[in-house]
Amino acid sequence: MVPIVIIVGAALWGPIVSKVEQAKYIVIEKHGGIEIRDYATMIVAETSVSGDREMAINKGFRAIADYIFGNNVSAQKVAMTAPVTQQSASERIAMTAPVTQTAKGEAWQVRFVMPASYTMETLPQPINKDIKLREIPSTRYAVIRFSGTGDQNSLTERTAELESFIYEKKLKSLSQPTYAFFNPPWTLPFFRRNEVMIEVNR
């Protein structure tokens, strides 16, 4: 019975921790597991990382997580009082989903979508010069969603399926595929949400 309890606990934990703010969109069309979505204007924190895909997303994730967890120019020390206490006043930005990854030559662009409550003026500036803040205008994407580990074979297969759909619907691809991952790594594979996204014409 113990292994069953552990599995059930893990199964429940994954979806719970994944309930974070997500990029806003509306579904224009739905065809089985593929959707055409219009995304609202969003701000992203992004960094470019060279290397293989898994290494790149891990390195990029750590760099941007460091920024949103307070390593930014808004960090301040609280003045000393009596009794002596010390508190970090670093600005901490809420986590959002998904984390996305796009190939750019031999490098990968890794991005976090910033919470909608922020603007380019109110977001703290990164200390790490490799992290850039950028506003992305409203964009239409063809998106295919799937579960599992999101390994390279799965991503390649789903990308081919999405590209076939775009061709059949006589849409025009306007971007390289973007991979989107919604769950923490300890989420069981069949509970994970992964997506491949390709920008298309309106």
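Ground rules come before the structure. The model is predicted, so local features need pLDDT of at least 70, side-chain atom pairs count only at pLDDT 80 or more, and totals for chains, interfaces and linings use all residues. Residues are numbered from 1 along each chain as its sequence is written, and side-chain values use heavy atoms, with hydrogens and water left out.

Confidence next. pLDDT is the predictor's confidence in each residue, from 0 to 100. The chain has a mean pLDDT of 77. In this chain 75% of residues reach 70 or more. Helix H1, residues 2-17, has the lowest confidence, at a mean of 40. Strand E3 has the highest, at 97. Over residues 1-17 the pLDDT is below 50, and this stretch has 9 contacts beyond near neighbours in sequence. A contact here means heavy atoms within 4.5 Å. Residues 76-90 also stay under 50, with 10 contacts beyond four places in sequence.

Now the fold. Helices (H or I, at least four residues) and strands (E, at least two) are DSSP runs, numbered from the N terminus. The chain has 3 helices and 11 strands. Their order from the N terminus is α-β-β-β-β-α-β-β-β-β-β-α-β-β. Take contacts between residues at least 6 apart in sequence: 70% of them join residues at least 24 apart.

Surface. Of the 202 residues, 41% count as buried. Buried means under 20% relative accessible area, exposed means over 50%, and partly exposed is in between (1.4 Å probe, protein chains only). The chain exposes about 11,900 Å², by the Shrake-Rupley method with a 1.4 Å probe, where for residues only the protein chains shown count as cover. Carbon and sulfur atoms supply 57% of that area.

On to the rings. Rings of Phe, Tyr and Trp (its six-membered ring) pair if their centres lie within 6.5 Å; planes under 30 degrees apart are stacked, over 60 edge-to-face, and the rest tilted. The count is 5 aromatic pairs. One of them is Tyr25 with Tyr39, tilted, at 5.0 Å centre to centre and 40 degrees between the planes. Tyr25 is in strand E2 (residues 25-31) and Tyr39 in strand E3 (residues 34-39), so this pair ties together parts 14 residues apart in sequence. Are these two buried or exposed? Tyr25 is partly exposed, at 29% relative accessibility. Tyr39 is buried, at 5%. Tyr25, Tyr39 and Tyr141 form one aromatic cluster.

Phe190 and Phe191 form a tilted pair, 4.9 Å centre to centre, with 45 degrees between the planes. Phe190 is exposed, at 58%. Phe191 is partly exposed, at 38%.

Which charges sit over rings? The rule asks for NZ of Lys or CZ of Arg within 6 Å of the ring centre and within 35 degrees of the ring normal. Arg37 lies over the face of Tyr25, 4.3 Å from the ring centre. Arg193 lies over the face of Phe182, at 3.9 Å.

Last stop, Arg140. This residue is in strand E9, residues 139-146. Arg140 is buried, with a relative accessible area of 17%. Its side chain has a polar contact of 2.6 Å with that of Asp38. A polar contact is a pair of N or O atoms within 3.5 Å; within protein, one must be able to donate a hydrogen and the other to accept it, and residues adjacent in sequence count only if both atoms are side-chain atoms. Beyond four places in sequence, the contacts of Arg140 include Ile28, Arg37, Asp38 and Arg202.
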